[in-house]
Amino acid sequence: MAQFKDLESYLEAWSAGNEAHQNISQTLLILAQSGRDIAKIIARGPLEGAMGQVVGDNADGDAQKALDIRANDMIIDALKPNGIVAIVGSEELDDPIRLNDTGSLCVATDPLDGSSNIDVNVSIGTIFSILPVLQSGNALDTLLQPGTAQLASGYIIYGPQTAMVFTVGEGTQVFTLDPD
């Protein structure tokens, strides 16, 4: 594929004329927008409040920080209205949640990996995987598919620069956020 200047152009060219690819592209754009919003909060550091404050434990027994919960809610709230994503599984949730009964995709995410680094200004990130919803529609089975079933996967890293790194099965793409 030719070089593209921005994420939207890349995804538009990649998904042209293919409905399944268009759904994946829309989901990636929503995750990118969530990443932009999370990056703004992180960049404000302590001006945003006690982001690193422990507020509970997740299903794995890890301490949940205030920003873990906030990032989780931001991603889920952004995915709800598109109707494409049926199921979201998150490290911050005890069980997967169903967003839409007719959606064709599932998003598995760790909304804020490395949250123990929030208060020390070290890179943290959002990890995601996009999977097809299985015919059975069972949320847990859908989330536990083998990695070879992934339609897209990647991460957003928040550090000196914010970058989104992902694959849709055609190489690895890296896009850097322009804060302006």
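Begin by selecting helix H2, residues 19-44, which has 26 residues and spans 38 Å from its first C-alpha to its last, close to the 38 Å expected at 1.5 Å a residue. The expected span is 1.5 Å times one less than the number of residues. Helices here are DSSP runs (H or I, at least four residues), numbered from the N terminus.

The model is predicted: local features need pLDDT of at least 70, side-chain atom pairs count only at pLDDT 80 or more, and totals for chains, interfaces and linings use all residues. Residues are numbered from 1 along each chain as its sequence is written, and side-chain values use heavy atoms, with hydrogens and water left out.

Next, select Asn18 and Ala20 at the start of H2: a side-chain oxygen of Asn18 lies within 3.0 Å of the backbone nitrogen of Ala20. Then move to Gly45, which follows H2 and has a positive phi, near 50°.

To view the contact (heavy atoms within 4.5 Å), select Leu7, Glu8, Leu11, Trp14 and Ser15 of H1, with residues of H2 including His21, Leu28 and Arg36. Ala, Val, Leu, Ile, Met, Phe, Trp, Tyr, Cys and Pro count as nonpolar, Asp, Glu, Lys and Arg as charged, and the others, Gly among them, as polar.

Finally, select helix H3, residues 66-79. The axes of H2 and H3 come within 9 Å and cross at roughly 150°, which means that H2 is roughly antiparallel to H3. Among the residues in contact are Ile30, Leu31 and Ile38 of H2 and Leu67, Met74 and Leu79 of H3. The contact of H2 with H3 comprises 11 nonpolar, two polar and two charged residues.

Methods
Axes fitted to C-alpha atoms, helices over the stretch in contact; angles between N-to-C directions. Helix = DSSP H or I, 4+ residues; strand = E, 2+ residues; numbered from the N terminus. Polar contact = N/O pair within 3.5 Å; in protein donor to acceptor, adjacent residues only side chain to side chain. Parallel < 35°, antiparallel > 145°, perpendicular 65-115°, else oblique.
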